[in-house]
Amino acid sequence: MEVVGESHTVEDKIDLILEHLANRKRVKFFSFFLKAENKLEMVVTFLALLELVKRRVIRVYQRVPFGEILVRRLEPLSVHE
């Protein structure tokens, strides 16, 4: 008997995160984890978010201490900047 697990890649999660942010100004951080089926998927989602921050594609922030954590997509720099 062979057990085949789901595979979740960071790149796949990056695509899903960007799709989720496509038509929204900002999104609550926890919303990216609501549909996660297991801990591994949550970890991969978190790593994808970190990678997007590193690439300067998104910004993760809080307006007040202990407040809601928000995520927004950064606008690409224009050629003239």
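**Note on aromatic contacts and pockets**

1. F46 is partly exposed, since its relative accessible area of 38% falls in between the 20% limit for buried and the 50% limit for exposed. This value, like the others in this note, comes from a predicted model.

2. F29 has a relative accessible area of 18%, so this residue counts as buried, the cut-off being under 20%. F33 is likewise buried.

3. Two aromatic pairs are present in the structure. In one of them, the ring centres of F29 and F33 are 5.3 Å apart and the planes stand at 50°, so this pair is tilted. In the other, F29 meets F46 with ring centres 6.5 Å apart and planes at 85°, so the arrangement is edge-to-face. The angle cut-off for that label is over 60 degrees.

4. The pair of F29 and F46 connects distant parts of the chain, the two residues being 17 residues apart. F29 sits in the loop between strand 1 (27–28) and helix 2, whereas F46 belongs to helix 2 itself. Taken together, F29, F33 and F46 make up one aromatic cluster.

5. A charge over a ring also deserves a mention. R59 is placed over the face of Y61, and its distance from the ring centre is 4.6 Å.

6. The largest pocket holds about 310 Å³ of space. Its lining consists of K13, L16, I17, E19, H20, S31, F32, L34, K35, A36, E41 and T45. By class, five of the lining residues are nonpolar, three are polar and four are charged.

7. Which helix gives the most to the lining of the largest pocket? Helix 1 does, with five residues. Helix 1 spans 10–21 and helix 2 spans 39–54, and each of these helices supplies at least two residues of that lining.

Methods. Residues are numbered from 1 along each chain as its sequence is written. This is a predicted model: local features need pLDDT of at least 70, side-chain atom pairs count only at pLDDT 80 or more; totals for chains, interfaces and linings use all residues. Side-chain values use heavy atoms; hydrogens and water are left out. On a 1 Å grid over the protein atoms alone, a cavity is a set of points where a 1.4 Å probe fits but cannot get out, and a pocket is an open set with protein on both sides within 12 Å along at least five of seven lines; lining residues have an atom within 4 Å of a point. Grid points are joined across faces, edges and corners, and a volume is the space filled by probe spheres set on the points. Helices (H or I, at least four residues) and strands (E, at least two) are DSSP runs, numbered from the N terminus. Ala, Val, Leu, Ile, Met, Phe, Trp, Tyr, Cys and Pro count as nonpolar, Asp, Glu, Lys and Arg as charged, and the others, Gly among them, as polar. Rings of Phe, Tyr and Trp (its six-membered ring) pair if their centres lie within 6.5 Å; planes under 30 degrees apart count as stacked, over 60 as edge-to-face and the rest as tilted. Buried means under 20% relative accessible area, exposed over 50%, partly exposed in between (1.4 Å probe, protein chains only). A charge sits over a ring if NZ of Lys or CZ of Arg is within 6 Å of the ring centre and within 35 degrees of the ring normal.
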